[in-house]
Amino acid sequence: MNTLLLSFFILFIWATPSSFARQDPPSDWKKDTLQAILAQLEHDGLTDVQRQELASQRSWLKKWKPGTMQVDPARHQADSLPILKKEPVLESAQSKLIQDLTVVVDATHMQLANRSTLHQIDALIKEHSDDAALFQTALKLLDEQPEIRKQHLGRIDALSSRLIQLLRTKSGEDPQAHLALEFALYRRVRALAYRELPDVSRSNPIKDPEGLDRQMKEAFSDLIKTAGDDRAEFVLIEIRMQRRSGNFGIALEKLESNGHTISRKWYLKKRRDLLELLKWNPPYKEAASLYADEFPDAVKKERQRKQQVESGPENRN
């Protein structure tokens, strides 16, 4: 039984209409659900990942107390966790030229002065194809902001792939190059994963889903082999990949244990989404309410996007 099939089996048992129709008190629902998880854990033949998934679900749910869900993650853990490592900034004469083609947004972000500067950047890259600093600067320029990232996923994939090649030759002897390599690997996995976002795939349909799946898994495996797992700097992509594999409990535990490193918006949204995928109705409703209270505009935009999809040309009379 694979992980995804096991998850569907568990969710089918817990999400039958009769279970929601009873409207059991959250405490009763929690008790019944924990018993169901425990029964699944007693099955023979579970893989290590399946057992870890069920154990993660049980661990999270045992800690949850109805009506006490927090808006902020457990920031008291921050003192006992490693300090986030920052991406090294590589510099060269050519990389500084790219900065002249941008405008400063804030202390950490730049954006293209205009779209025509992409051609100038392409020309620089073609002329200096062995300049790691140049590739890193161009990559960060397109990858730092989500909306800009969505427009340039192909370029980001190409830039990060070449940067990875360049940094591998230095990473064994230069700790800074190794750390820069880790971030380049992370940026590539994220760009590949963004291809599956609904708004991206609608405007740019995935022509080879199996090929994209293979690329994503290989890139993620490369990241984990190089940087190790449970790295706070890269936890969001770990959460995304666990979710993609149907391991919603593992993803939820990773989210909670690294919550102090994630912005409040992403923390609340991802907690809500994972609980919805688990079909854990009582904690999902609580998480959804907290997210809506904190970020009403974001929830409003979600609803508008959903309505636009549902009222698309294929659904109109």
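## A tour of the salt bridges and beyond

Start by selecting Asp-157 and Arg-188: they form a salt bridge, and their closest N and O atoms sit 2.7 Å apart. Asp-157 is in helix H9 (residues 153-171) and Arg-188 is in helix H10, so this pair ties together parts that are 31 residues apart in sequence. Buried or exposed, what are Asp-157 and Arg-188? Both are buried. Keep in mind as you click around that you're looking at a predicted model.

**Next stop: Glu-87 and Arg-187.** Select these two and you'll find another salt bridge, with 2.5 Å between the closest N and O atoms. The pair links distant parts of the chain, 100 residues apart: Glu-87 is in the loop between helix H4 (48-63) and helix H5 (93-99), while Arg-187 belongs to helix H10 (residues 175-194). Why does Glu-87 count as buried? Because its relative accessible area is 14%, and buried means under 20%. Arg-187 counts as buried too, at 5% relative accessibility.

**Then try Glu-196 and Arg-244.** This salt bridge has its closest N and O atoms 2.8 Å apart. Glu-196 lies in the loop between H10 and H11 and Arg-244 in helix H13 (residues 235-244), so the pair ties together parts that are 48 residues apart in sequence. Glu-196 is partly exposed, at 34% relative accessibility, and Arg-244 is also partly exposed, with a relative accessible area of 28%.

Now select Glu-87, Asp-143, Glu-144, Arg-149, Arg-187 and Arg-190 together: salt bridges that share partners join them into one network. How many salt bridges are there in the whole structure? A search finds 25.

**Over to helix H14.** Select residues 248-257 and you have a helix that is mostly covered, with seven of its 10 residues buried. Colour the buried ones: Phe-248, Gly-249, Ile-250, Ala-251, Leu-252, Lys-254 and Leu-255.

Pick Arg-202, Lys-265, Lys-301 and Arg-305, which form a positive surface patch. Zoom in on Arg-202, found in helix H11 (residues 198-203). Arg-202 is partly exposed, with a relative accessible area of 48%.

**Finally, zoom out.** Switch to a cartoon view and you can look for 17 helices and two strands. The protein has 317 residues, and buried residues make up 44% of them. Show the surface, and you're looking at about 17700 Å² of accessible area, 51% of it belonging to carbon and sulfur atoms. Among contacts between residues at least 6 apart in sequence, 67% join residues at least 24 apart.

Terms used. Residues numbered from 1 in each chain as written. Predicted model: local features only at pLDDT ≥ 70, side-chain atom pairs only at ≥ 80, totals over all residues. Heavy atoms only, no water. Patch = residues over 30% accessible without salt bridge, like charges linked within 9 Å, V, L, I, M, F, W, Y side chains within 5 Å. Areas by Shrake-Rupley, 256 points an atom, 1.4 Å probe, with all protein chains shown as cover. Salt bridge = Lys/Arg side-chain N within 4 Å of Asp/Glu carboxyl O. Lys, Arg positive; Asp, Glu negative; His and termini not counted. Charge placed at Lys NZ, Arg CZ, Asp CG, Glu CD. Helix = DSSP H or I, 4+ residues; strand = E, 2+ residues; numbered from the N terminus. Buried < 20%, exposed > 50% of the residue type's maximum accessible area, 1.4 Å probe, protein only. Contact = heavy atoms within 4.5 Å.
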